[in-house]
Amino acid sequence: MLFKKITILFSICAVVVLIALAYNYFLVSEYKLITSEKVGYLLKAADNFSLYGSIICLLMLLWINVASYKTNNLYLLWIPFAFIVFVAVISGYNAEDIFIFKKENGLWKGGFSISYFASAAVVIFAAIVIGINYIILKKILK
């Protein structure tokens, strides 16, 4: 029971941090700055979200492995997957938003954006890793 309570508390804290980072990106996008300065702030806010979001997802996966092992509940593996999907989608949106902002303000240097493709690739990779993790945990718990 203790592991479930800690998991819920950790999940709530992680959601609050991710929402705060996403909101920070939104606030930065509303700044009235020179275009080149604004791009720097947008990139920093997007990088912060991606970095801290990735760290949270990794910590969540590690914690869920421990909690699943101790409680013998493998359904908990959906929690880190949900976090990974959230972080990947928001990171993809941020990258696409920065790409469009650069294009609209004459900072575009050609090329195209693969941000949504990269987000989909991250989600597929995470599903494979969590699936393998599930199989390993299932064999360990037998």
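Me: Which residues is Ile130 in contact with, leaving aside its neighbours within four places in sequence?
Reply: Keep in mind that this is a predicted model. Contact here takes heavy atoms within 4.5 Å. Once neighbours within four places in sequence are set aside, the partners of Ile130 are Leu61, Leu77, Pro80, Phe81 and Ile84.

Me: And the largest nonpolar core: which element gives the largest share of it?
Reply: That core has 21 residues, and Ile130 is among those touching the most other members, along with Leu18, Ile64, Leu77 and Phe83. Helices H1 (2-29), H2, H3 and H4 each give two or more residues to this core. The largest share is eight residues, and the element behind it is H2.

Me: How many residues are in the other core that lies apart from it?
Reply: Among the members of this other core are Tyr25, Val39, Ala46 and Ile98. Its residue count is eight.

Me: On to the largest pocket. Which element gives the most to its lining?
Reply: The pocket holds about 290 Å³ of space. Helix H2 (35-71), helix H3 (78-104) and helix H4 (115-141) are the elements giving two or more residues to the lining. With five residues, the top contributor is H2.

Me: Is Asn48 buried or exposed?
Reply: Asn48 sits in helix H2. Leaving aside neighbours within four places in sequence, Asn48 is in contact with Leu21 and Gly53. The cut-off for buried is under 20% relative accessible area. Asn48 has 19% relative accessibility, so Asn48 counts as buried.

Me: What about aromatic pairs: is the Tyr31 and Tyr41 pair stacked or edge-to-face?
Reply: The whole structure has five aromatic pairs. For Tyr31 and Tyr41, the ring centres are 6.1 Å apart and the planes are at 80 degrees. Planes over 60 degrees apart fall in one class, so this pair is edge-to-face.

Me: How far apart in sequence are the parts that this pair ties together?
Reply: Tyr31 is in the loop between H1 and H2, while Tyr41 is in helix H2. Both count as partly exposed, Tyr31 at 37% relative accessibility and Tyr41 at 45%. So the pair ties together parts whose separation in sequence is 10 residues.

Note on methods:
Residues numbered from 1 in each chain as written. Predicted model: local features only at pLDDT ≥ 70, side-chain atom pairs only at ≥ 80, totals over all residues. Heavy atoms only, no water. 1 Å grid on protein atoms, 1.4 Å probe; cavity = no way out; pocket = protein on both sides within 12 Å on 5 of 7 lines; lining within 4 Å. Points joined across faces, edges and corners; volume = space filled by probe spheres on them. Helix = DSSP H or I, 4+ residues; strand = E, 2+ residues; numbered from the N terminus. Buried < 20%, exposed > 50% of the residue type's maximum accessible area, 1.4 Å probe, protein only. Core = buried A, V, L, I, M, F, W, Y, C linked by side-chain atoms within 4.5 Å. Phe/Tyr/Trp six-rings, centres within 6.5 Å; stacked < 30°, edge-to-face > 60°.
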